[in-house]
Amino acid sequence: MADGGGFGFRKLFAITVVGVAIYVATDPFGHSSIANFPDFEAYVVDAPLWSEIPVANDRENRLQKSEIKFLNQIQGPESLAFDPQGRGPYTGVADGRVMFWDGQQWSEFAHTSANRSEICKPGSTPMANIKYEHICGRPLGLRFNKRTGDLYIADAYFGLLVVGPQGGLASSLVKEVGGVPLAFTNDLDIDEEGIIYFTDSSAKYHRRNFVQLVFSAESSGRILNYNPQTKEVSVLLSDVQFPNGISLSKDGSFFVFSDSCPGRLKRYWLKGPKAGTTDIFAVLPGYPDNVRTNEKGEFWVALHCRRNLYSHLLGLYPRLRKMILKLPIPAKYQYLMHLGGKLHAVVVKYSPDGELLEILEDKKGKVVRAISEVEERDGKLWMGSVLMSFVAVY
């Protein structure tokens, strides 16, 4: 009886394994998180060794002491900017507008799409407008030219744009480069001569599909610059796995950018004997979003989440990752597993030489979570997120 029972169990186990394998190979009911992406491929993430990843943490969870401002007044404030007169913040929100805080209330300052129809009305959550982002626009990175007062906007769907100090409909500057459209324009910075450096996160995936971009780790991302005087655009780097935030050093000799899938900051030299070359500026404890330079020349990096062993290992084994992604598990839950189970908050500060100086966290996401950007101003940290309905100040 025991032998027969053992044989029956082994047979049942073998049938189960074969059944799962067939299901994963065919996804017959289209319930997987990549079912709507028939040409989806997973790639090896160019990740650092697990032993190289910083283990520093904030034992006091200091971000839980952050002040919540403008609760439910703005949805998904990705980037925060202050104009040359110190007014603001200005921020891009989920319905495609750039909003301005005048000290008393929010008002619309600019928009990136000429189509402001009924479908572009403000939603009740940061994700409520995602279905119409390609029509209404989705402003992400914001930077002011300190000399002219012009606001430059990286819109995920409409590329690089600019609007004058009076606001209104932004003018398009760059929509494609080398015949390849800007599919996911993400962030930018401006040097003293007015040259704009900006990121295009993917040529294949739009922002509304950023989860699939994370799952894929494909490398069609680019780093570019634009000269407003000559109207010329150049590709500085290509074949990057999800380039995200970008920020110039205080002396303008280099910029750093968020190499999001590998979880690093990379440095691109603009001046000196290394001009035109790239190196690793810092290995990060998590996956970065925007990066901003403070008055001391230090870099604040917003981490979308900390690394975990699950996401690290799946990054190294794309076939296993694709197999798991073909299981009937919605993208939302697959993404939560990538994040470590729940949304949380991490920001880190690096010296001009790439030394880790400070880390602030809300490990449980009790107050803030999924921070997109940190802007240091007058001794305070202003924090936004595409997934929050408020701005946090620490």
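Q: Which strands each supply at least two residues of the lining of the largest pocket?
A: In this predicted model, the space in the largest pocket comes to about 1200 Å³, and its lining is made up of 36 residues. The strands that each contribute at least two of the lining residues are β2 (80-81), β6 (139-144), β13 (185-190), β17 (243-248), β21 (286-293) and β25 (373-377).

Q: How many residues of the lining of the largest pocket are charged?
A: Nearest the centre of the largest pocket lie Arg143, Lys146, Asp189, Ile190 and Thr293. Over the whole lining of this pocket, the division by class gives 10 nonpolar and eight polar residues, while the number of charged residues is 18.

Q: Which element gives the most residues to the lining of the second largest pocket?
A: The second largest pocket holds about 340 Å³ of space, and of the 14 residues lining it, Met127, Phe210, Val211, Lys332 and Tyr335 are the closest to its centre. Two elements give two or more residues to this lining, namely α3 (210-216) and α6 (331-339). By class, the lining of the second largest pocket has 10 nonpolar, two polar and two charged residues. With five residues, the element that gives the most to it is α6.

Q: Which element gives the most residues to the lining of the largest cavity?
A: The structure holds one cavity of 30 Å³ or more, and the volume of the largest cavity is about 520 Å³. Of the 35 residues that line the largest cavity, Val214, Phe242, Tyr287, Tyr335 and His338 lie nearest its centre, and the elements giving two or more residues to the lining are α3, β21, β22 (299-306), α4, α5 and α6. The lining of this cavity divides into 20 nonpolar, 10 polar and five charged residues. The element that gives the most, with five residues, is α4.

Q: Against which elements do the buried residues of α4 pack?
A: Helix α4 covers residues 309-316, and its buried residues include Ser311, His312, Leu314 and Gly315. At the start of α4, a side-chain oxygen of asparagine 308 comes to within 3.1 Å of the backbone nitrogen of tyrosine 310. The elements against which the buried residues of α4 pack are β21, α5 (318-325) and α6.

Q: Why is strand β26 largely enclosed by the rest of the structure?
A: Strand β26 covers residues 380-384, and a residue is taken as buried when its relative accessible area is under 20%, a condition to be applied along this strand. The strand is largely enclosed because the number of its five residues that are buried is four.

Q: Which residue of β26 is the bridge partner of glutamate 373?
A: β25 and β26 pair in the antiparallel sense, and five bridges join them. In their hairpin, which has two residues between the strands, aspartate 378 takes a positive phi near 50°. In β26, the bridge partner of glutamate 373 is glycine 384.

Key
Residues are numbered from 1 along each chain as its sequence is written. This is a predicted model: local features need pLDDT of at least 70, side-chain atom pairs count only at pLDDT 80 or more; totals for chains, interfaces and linings use all residues. Side-chain values use heavy atoms; hydrogens and water are left out. On a 1 Å grid over the protein atoms alone, a cavity is a set of points where a 1.4 Å probe fits but cannot get out, and a pocket is an open set with protein on both sides within 12 Å along at least five of seven lines; lining residues have an atom within 4 Å of a point. Grid points are joined across faces, edges and corners, and a volume is the space filled by probe spheres set on the points. Ala, Val, Leu, Ile, Met, Phe, Trp, Tyr, Cys and Pro count as nonpolar, Asp, Glu, Lys and Arg as charged, and the others, Gly among them, as polar. Buried means under 20% relative accessible area, exposed over 50%, partly exposed in between (1.4 Å probe, protein chains only). Two strands pair if DSSP finds at least two bridges between them. Contact means heavy atoms within 4.5 Å. A polar contact is a pair of N or O atoms within 3.5 Å; within protein, one must be able to donate a hydrogen and the other to accept it, and residues adjacent in sequence count only if both atoms are side-chain atoms.
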